[in-house]
Amino acid sequence: MEAEAEAELIARLLKDTLSFDANTVRAATDALDRTSPIPSFPYHLLSIATGSGEQGLKVAAATYLKNFTRRNLEGDNPQSNVSKEFKDKLLQALLQVEPEILKVLVEVFRLVSNAEFVKRDLWPELVPKLQLAIQNSDQISNRMDCGWKTVNVLTVLQAVIRPFQYFLNPKIAVEPVPPQLEVIVGEIVVPCLAVFHNIVDKVKTAPDMKEVDLEKILLLVCKCIYFSVRSHMPSSLAPHITSVCHDLIGILDSLSFDPVVVPGNEYFLRLKTAKRSLLIFCALITRHRKHSDRLMPGIISCVLKIVKYSIIIHKLDFLPERIISLAFDVISRVLETGPGWRLISPHFSSLLDSAIFPVLVMNEKDLVEWEEDADEYIWKNLPSDLEKLSGWRDDLFSARKSAINLLGVISMSKGPPGGSSSNSSTLLKRKKGEKGKRNNRHPPMGELLVLPFLSKFPLPTNDNAYQSKVLHNYFGVLMAYGGLLEFLRDQKPGYMETLIRARLLPLYMISERVPYLIANANWVLGELAPCLPEEMSSDIYSSLLKALTMVDAPDTTCYPARVTAAGAISKLIENDYQPPEWLPLLQIVIGRIGYEEEESCILFQLVSSIIESGNESVAVHIPDIILSLIGAISKYLPPNMEPWPQVVERGFETLAAIAHSWESFVVEESDENGSSEKWAIGQATIGRAFSVLLQEAWLKQMQTDLEVQIPVSPSCIDYSSTLLKSIILSVTGSNMVTEFKVSELLSVWSNLIADYHAWEESEDLSIFDCIKETVNLYTKYGLADFITGRMPSPPAPPVPRISIIEGIGAFISEAIAQYPSATGRASSCVHMLLYMPNYGSESELGVKQSLAITFSRAAFSRFQEIQTKPSALWRPLLLAISSCYLCYPEMVEHILNKIQEGGYTMWAAALCSVASSSFEPKLSRTSDMKLLAMAMGKVIERLLEPGKPRTGLVNNCFMLLLEVTVKLKEVQEGIEDEDMGEDEDMGEDEDDTYSGDEDSEGEDDEDSESEDDEIEETQEEFLERYARVAAELENGLDVEEEDVEDQDNEPELGFLEGVDTTRAVFSLIERHHNVLIKDQVLPSELVSNIIKSFPEHSSLFSPSR
């Protein structure tokens, strides 16, 4: 195909992708994918994107080039390199294209630059070409007829610098400045600083400058500086930091926060430059104290001016508010340094009065958000993560959150933290004892300054609750208390009790008039829950319960007050508060579910907290409340097969918590008092209620004669599985199987899990638990459609429906293939499904064979992927194949050899490795040993068949079979030497522990205290640990291993449990004595162990035989 024809075809296909017809777009996209392997394809896309065609076509070409490049450089099979010709053409195009195309093509360049320059340093021409381009660009050379645009060059430059940050080479603990960054900063960024300075001078003399290109240049150079210093400090840039900061201060001083003036596009760019300037200050203070300490006076003076505009925060748009937020963050960072604390502490009072508190006071925006978007209001104003108050936070994003964080830092401060050391890492590690000695000399600022300031504002009462100023100011007081949480937690209990009784609880006496204040008070009490005085908990609980039942006023919603009350009650209960009576609380909460969907979600979470925290005190009430809860959830079930709304998912999550709580409660009661008719009735009530709900959700819309889509969201399968398991546990007879429609529900459920792909350990655990109970139920009472599915009635096609066990089998095989942590559980299910059910008829035996085929394929395919390095996943995979092999040896051997030539031998050799005493983790479960012994015996018999070539595998397999047999005998009799040795060691340790005197105990206490004194690891320690882990990962250490808990659970082997393994092994030896004993020399230690463990079979190993 000629170049011109190729270009025309690609242009036509791109134009078709812009069509409104979905089929046309799909066909054009497929055709482009088929054309993409042509070597000239990316060149044609670049030519179209930078040509003179229609704008839509150009954007389409640039976008497809971006996706094409990402697929080739970051996909499953990345290209080894990008041609020099394409890189040159791309760079030349970027320097000249219009902004709309530049925005897309710079992403193409970023991908190429990251792969070629940043990671592998294979683009030596890049820096010289960029240097030449910027020198000859329009704004730098003052030649407006120049084809190269300064804005374009700087856009490319910041795309080059952006990827340089820590952990580019995570194996190095302390990463040096990357040489590429040093070069590009020294050759290009530093020379640009002169231009940057000149433009800033223009800004200072003419703050209202309206030149968009110059504003863009300011912003882009600022971005380049920020990306250069956020992780590293290039040596060429370090001498210029002082002048850079002075220029940044000049930009910030030029800002105007006049809410009346509508800014133009150029001023919007100025605001973005100011935001980036503050981010640079944050980076310098956090990472480069050596350079920032001497600049702090100027930085502090600048940001103190900015935060004073917080008084009009409610009139500002998002970007000016973000600038004020960052200014607060800069102050918080500065306060965490010694020099900064000394500079800012004289301004604490004015900061509090003129900057921090005005942000916290209620304003018009709050009132609008309260009514129009209450959830957004709660997220922005009542955060649940204030325990992380710190000067180093960078995730606040709103002026109010930043002000609260700064208030918390101020309240906890007692003096300069850590002196004036320029090493920022010393701030991250400190002895608590030293900190206490230094800081106990002075009371914290929370006591000296903040609380006295807040006490000036009167508490709202019935007399003044109508005064908006009183309410708005006290709203700010409550927000401020949220910033003082860490300070308050450090005070004596009496201190906090006085504050709560005087400044919080009285609000609940006038709650109907001040829902805004009640929401804040709920939030503060909830955050203080872990350290509330025990004697106050009852009063606080009563107040929160009152807030939970607040009724909306005609013109004001109380939703945020009720939601925060629910959250606070949850935290109170989670921190061991026991309400006087649990049942009334549950009835109140459940009674409110159903009025508003969002509020119902929160109330479901509260019920879950009550159930999980109340334990047996609440469990006894579950049968009394379950029907009300089921009814509340049923209201929200969609009438058709739509995905379930969030409130239904929350409801099912709550029911799952109830099922777990009841199951634990019944087990404990049964252990203590034996089985009881009362608990059986309660279990039946719960199972019946769950069955009704699942029938409503799954069966109501289904027609018994036709296959239809299962009407349930996959995200609820874990909770549904828990409910289904509870239903199964409720069954005590065949009549209940019919009453609860267990078979029908299991049929739907098995179809669901057969198509399950959302592998998360927290979800699939409940599925595996339900599988186990399902098989147990079938062995007791039988189930319709369990092994073979029924034939649908006409006019449906005469194809049997998928049976329950087939759906389970599909889930198990997918678990083996997809999720390493589920491998052990899946392997246990393989054994259970092959050995436990009674396969009688020919069709049922066909299902069993089909399962064995599926399982062996999935397990061996997964084993192929990890065979190069022995790991814990080997054992469950190989044992799953073993179970299949014991059922159908010839078929499985054929499958393994078909998947890979010599696959059967590979599996047998790996089985021997797992049986070896040197394999980790070592064998410990009798079921594993039994399966190994039986599978190895079957392998030996297979290899000894006439016509089979003799290999060393037979001898190795036989010796390891003997080792496993001895080990199995030891474990079964409970005389394993290692366990006895460990017991002796433990006994010696205990003797040593209790033989000491009081002095040694005192030393232990001192050691314990010294360990507690050490707080979190330093930055250097973290980086070293991170580097070690990265190196281990690169060296092939397995990240995902079998779940450790699975190694403690014995899989159920069904009828195989009754097989006498020892008898089978020695029967094999007798039949093949000449080959196995006479024709090889066994290690004397092994023979000795065999004779010691099985003296009745010692004659088999006698030389005279």
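**A helical protein and its largest cavity**

Helix α19 supplies three residues to the lining of the largest cavity, which is the largest share of that lining; helices here are DSSP runs of H or I with at least four residues, and strands are runs of E with at least two, numbered from the N terminus. The structure is a predicted model, in which local features need pLDDT of at least 70 and side-chain atom pairs count only at pLDDT 80 or more, while totals for chains, interfaces and linings use all residues. Residues are numbered from 1 along each chain as its sequence is written, and side-chain values use heavy atoms, with hydrogens and water left out.

The protein contains 53 helices and zero strands. Of its 1105 residues, 52% are buried (under 20% relative accessible area, with exposed meaning over 50% and partly exposed in between, for a 1.4 Å probe and protein chains only). Among contacts (heavy atoms within 4.5 Å) between residues at least 6 apart in sequence, 76% join residues at least 24 apart. The average pLDDT, the predictor's confidence in each residue from 0 to 100, is 84, and 85% of the residues score at least 70. Over residues 1036-1045, however, the pLDDT is below 50, and this stretch has 23 contacts in the model beyond near neighbours in sequence. Residues 419-439 likewise stay under 50 in pLDDT, and for them the model has 44 contacts beyond four places in sequence.

A search of the whole structure finds five cavities of 30 Å³ or more, a cavity being a set of points on a 1 Å grid over the protein atoms alone where a 1.4 Å probe fits but cannot get out, with lining residues having an atom within 4 Å of a point. The largest cavity has a volume of about 160 Å³, where volume is the space filled by probe spheres set on grid points joined across faces, edges and corners. Its lining includes Ile313, His314, Glu321, Asp366, Glu369, Lys380 and Arg400, and the elements that give two or more residues to this lining are α19 (364-372) and α20 (374-381). By class, the lining has two nonpolar, four polar and six charged residues (Ala, Val, Leu, Ile, Met, Phe, Trp, Tyr, Cys and Pro count as nonpolar, Asp, Glu, Lys and Arg as charged, and the others, Gly among them, as polar).

Two buried helix residues can be followed next. Alanine 519, in helix α27 (residues 515-528), has a relative accessible area of 0% and, leaving aside residues up to four places away in sequence, touches Trp370, Leu382, Pro560, Ala561 and Thr564. The C-alpha atoms of alanine 519 and arginine 562 are 7.5 Å apart, although these residues are 43 apart in sequence.

The loops hold some backbone details. Glutamate 920 and proline 921 are joined by a cis peptide bond with omega about 0°, and proline 921 is in the loop between α45 (903-915) and α46 (926-943). Aspartate 121, in the loop between α6 (99-118) and α7 (126-135), has a positive phi near 55° in a residue other than glycine and is partly exposed at 43% relative accessibility. Aspartate 576, in the loop between α29 (559-574) and α30 (582-592), has a positive phi near 75° and is exposed, since its relative accessible area is 66%.

Notes:
On a 1 Å grid over the protein atoms alone, a cavity is a set of points where a 1.4 Å probe fits but cannot get out, and a pocket is an open set with protein on both sides within 12 Å along at least five of seven lines; lining residues have an atom within 4 Å of a point.
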